[in-house]
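Please look at the structure below before reading the notes.

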Amino acid sequence: MAETKTKRFEATLTALRGILIVAAALVGLFYPVQAVKLLVMVGGGLLLVDGVLGLATIDHAAARTTGHWLALARNILSIAAGVIVLASGILANVFTLSFMAGLVGVLALVVGLIEMVSSFIDNERQTRLWPTLVGGAVYAAFGLALMFVPLTSAATLMRIATILMMLYALLLFYRAWRIRAGA
């Protein structure tokens, strides 16, 4: 009896995941520009939180080494990029969207490069060389994408992603049905 309830619960949660993905996909399909804007805003929030948490983890009582200054610069630039993205509604009256995307792209690129360089300079972080390099590379790739991929292409990519999301949701519905049928 308990196993049947567990299977039903698993099937319900799987179906719920499918419903949420379908809802997000439909929003992305019919409103791709707004979906891209939402993703940009979430990304801006992540940049801001990453910078703030990074500042909080710096040992300010430690010696002022090159690694310390690189970490400080990296986190301040991340905060600046996040603030620019989150304030884009206000800044849009002053700057074009392309300019702001390029500026955030440059800041993200510099943050990524600082992250990668600091992984080689800071001896304490040597144990985490590859994760730090990969994290820096992701930041740099994000920055390059913002700088060189036209924003109109983002809407097209969003439509393609929504079709893939719908296919994944169908797979989840099938899984939920199979789980439920096995219960």
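Contact here means heavy atoms within 4.5 Å. The model is predicted: local features need pLDDT of at least 70 and side-chain atom pairs count only at pLDDT 80 or more, while totals for chains, interfaces and linings use all residues. Residues are numbered from 1 along each chain as its sequence is written, and side-chain values use heavy atoms, with hydrogens and water left out. Helices are DSSP runs (H or I, at least four residues), numbered from the N terminus.

**Helix 3 with helix 5**
- Helix 3 packs against helix 5 (residues 97-121) at an angle of about 160°, and their axes, which are lines fitted to C-alpha atoms over the stretch in contact, lie 9 Å apart.
- Helix 3 is therefore roughly antiparallel to helix 5 (angles over 145 degrees, on a scale from 0 to 180 between N-to-C directions).
- Residues of helix 3 including Leu70, Arg74 and Leu77 meet residues of helix 5, among them Leu107, Val111 and Ile114.

**Helix 2 with helix 3**
- The axes of helix 2 (residues 32-57) and helix 3 (residues 66-86) come within 7 Å and cross at roughly 150°.
- This makes helix 2 roughly antiparallel to helix 3.
- Among the residues of helix 2 in this contact are Val40, Leu47 and Asp50, and helix 3 contributes residues including Arg74, Asn75 and Ile79.

**Arg74**
- Arg74 lies in helix 3 and counts as buried because its relative accessibility is 9% (buried means under 20% relative accessible area, with a 1.4 Å probe and protein chains only).
- Leaving aside residues up to four places away in sequence, Arg74 touches Asp50, Val111, Ile114, Glu115 and Tyr139.

Terms used:
Helices (H or I, at least four residues) and strands (E, at least two) are DSSP runs, numbered from the N terminus. Angles under 35 degrees count as roughly parallel, over 145 as roughly antiparallel, 65 to 115 as roughly perpendicular and the rest as oblique. Buried means under 20% relative accessible area, exposed over 50%, partly exposed in between (1.4 Å probe, protein chains only).
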